[in-house]
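Here is a short briefing to read alongside the model. Take a look at the sequence and structure first, then join in below.

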Amino acid sequence: VFVHGGEYPSPLHGSRILDSLSEIGSLGAVLRRSSEWSGYVVVSVLECDPDFGLLDGQPMYSPLSDRTLRMSGQRGLKAGDIIIGVNGESVMTVPDIGMLLRGTSG
């Protein structure tokens, strides 16, 4: 039997630190896993996060967008780019890229 969200709405340990380690960060992009390219193909990068909109009155942009990465001298990702690793680990070593983003939200 599959239960969406599990039996309990939240962990029973009550630790905010453990809760934060379980949260999955969002890349703010639509990705498609590709065995042919050994990574995730970027289908699109959301300019502004539709789930949050504003944070302290300022727009929240995708961490992969040009607007965010330009501040560090990097170029943003665009449709057709390939993500092959996260923090030095190949994205193909796990069933879903989200597993490599645990504990990175915020």
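Is Arg75 buried or exposed? Arg75 counts as exposed, at 55% relative accessibility; here buried means under 20% relative accessible area, exposed over 50% and partly exposed in between (1.4 Å probe, protein chains only). This is a predicted model, where local features need pLDDT of at least 70, side-chain atom pairs count only at pLDDT 80 or more, and totals for chains, interfaces and linings use all residues. Residues are numbered from 1 along each chain as its sequence is written, and side-chain values use heavy atoms, leaving out hydrogens and water.

**Salt bridges**
- The structure holds 3 salt bridges, each defined as a side-chain nitrogen of Lys or Arg within 4 Å of a carboxyl oxygen of Asp or Glu.
- Asp81 is buried at 15% relative accessible area, and its side chain meets Arg75 at 3.9 Å, N to O.
- Asp81 also pairs with Lys78 at 3.8 Å, N to O, and Lys78 is partly exposed at 44%.
- Through shared partners, salt bridges join Arg75, Lys78 and Asp81 into one network.
- Arg70, exposed at 51%, bridges to Asp66 at 3.5 Å, N to O, while Asp66 is partly exposed at 35%.

**Around Val42**
- Leaving aside neighbours within four places in sequence, Val42 is in contact (heavy atoms within 4.5 Å) with residues including Lys78, Asp81 and Ile83.

**Ser62**
- Ser62 is buried, with a relative accessible area of 2%.
- Not counting residues up to four places away in sequence, Ser62 touches Leu27, Gly28, Val45, Leu46, Glu47 and Thr68.
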